[in-house]
Amino acid sequence: MSYTELDLEELYLQMQDDLYDGVKEEIPIQVRAALEQGQTPQQILDGGLVAGMDIVGVDFRDGILFVPEVLMAANAMKAGMEILRPLLTETGAERVGTAVIGTVKGDIHDIGKNLVGMMLEGAGFEVINLGINVDADKFIAAINEYKPDIIGMSALLTTTMPYMKVVVDTLGEEGLRDQIYIMVGGAPVTENFAREVGADAYGRDAAVSVEIAKRYMARKHKQARDDKAAKAA
Ligand code: B1M
């Protein structure tokens, strides 16, 4: 099918339909077609991929779709994200900081977390993506190895989000809490929950998370400059 004949609205509807049906082969072609029509990666995510996945989520909740179908939809979404990846991660900017990200123990949802990772890279962060099902020890080992400025935890299940507190508490016990800015996110996570588990910030979505991370780094760099100036005086 030639997607050039479709207007944007039709193209996005087709993308959502094919994502719903898990037609992995078509999604990259549609994403390219949308790029050719001048759409930005963010517009394609919002109008096509994330919008399609939202519909999948509703029907999954209502027992209309089951795990195998949702997995196919997830794979189709990933195929589309692979086209957007170079655009989201390309950066001419100087390295602004380092972030370690992962989906917490017991949880295998990684699409949102990977999106946050790509967009952080695009904003000039070095991103170490620990993947899924990440326990506190793995976060600690990565902190010791990479000395990140930020750790970002993702959880999509109400049963796994409490594990974020385990990680925050373990960081405290290891004496690492104060050196690290902790950001949490994922569909069931809220601002209140972030506060309750002792995180520093809640990332509602990938774009907001990047803004939060950039603001934190600006404060951190300023503090370092002020400390240096105070020492020199
Ligand atoms: Co699952 N699943 N799933 N699932 N799944 C949900 C989360 C669910 C809400 C569906 C539903 O019932 N409506 C439900 C959770 C209910 C609950 O806990 N209250 C659910 C369930 C129940 C399950 C299983 C238990 C099903 C089963 O086996 N019976 C099982 C659990 C497996 C496990 O983890 N142990 C399961 C499995 C799966 C699949 C494997 C089939 C697949 C995941 C594939 C993959 O990720 N590779 C899957 C999917 C795809 C979904 C839905 C449909 C879509 C999630 C997604 O990718 N969204 C989801 C329904 C939904 O959320 N609407 C659902 C798109 C993505 C871009 O959004 O991840 O929210 P999101 O990320 C956003 C923000 O949240 C934020 O930024 C992102 C981009 O803007 N964000 C962060 C995310 N992480 C962040 C981290 C940050 C900052 C921001 O800091 C670093």
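**Sheet, helices and cobalt site**

Helix α9 (residues 206–232) lies across β1, β2, β3, β4 and β5, and its direction runs at about 170 degrees to that of β4. The model described here is a predicted one. The five strands form an open sheet with parallel pairing, arranged in the order β2-β1-β3-β4-β5. At the edges stand β2 (125–129) and β5 (201–203), each of which pairs on one side only, and the twist from one strand to the next averages 25 degrees. Helix α5 also packs on this sheet, where α5 touches β1, β2 and β3 and makes an angle of about 155 degrees with the direction of β2. Within the sheet, β3 (residues 150–154) and β4 (residues 181–185) are joined in the parallel sense over five bridges, with glycine 152 placed opposite methionine 183 of β4.

The loop between β1 (97–103) and α5 (111–122) carries histidine 109. Through its NE2 atom, His109 is the single donor that the protein supplies to the cobalt atom of the ligand, at 2.2 Å.

Helix α1 (residues 8–20) comprises 13 residues and spans 18 Å from its first C-alpha to its last, close to the 18 Å expected at 1.5 Å a residue. Its buried residues are Leu11, Tyr12, Met15, Gln16, Asp18 and Leu19; viewed down the axis of α1, these buried residues fall within an arc of 170 degrees, and they therefore line one face of the helix. The elements that cover the buried residues of α1 include α2 (26–36), α3 (41–61) and α4 (67–89).

Definitions and conventions:
Residues are numbered from 1 along each chain as its sequence is written. This is a predicted model: local features need pLDDT of at least 70, side-chain atom pairs count only at pLDDT 80 or more; totals for chains, interfaces and linings use all residues. Side-chain values use heavy atoms; hydrogens and water are left out. Donors are N, O and S atoms within 2.8 Å of the metal (3.2 Å for Na, K and Ca); water is not among the atoms, so sites may look incomplete. Helices (H or I, at least four residues) and strands (E, at least two) are DSSP runs, numbered from the N terminus. Two strands pair if DSSP finds at least two bridges between them. Axes are lines fitted to C-alpha atoms, for helices over the stretch in contact, and angles run from 0 to 180 degrees between N-to-C directions. Contact means heavy atoms within 4.5 Å. The expected span of a helix is 1.5 Å times one less than its number of residues. Buried means under 20% relative accessible area, exposed over 50%, partly exposed in between (1.4 Å probe, protein chains only). The arc is that of the directions from the helix axis to the C-beta atoms.
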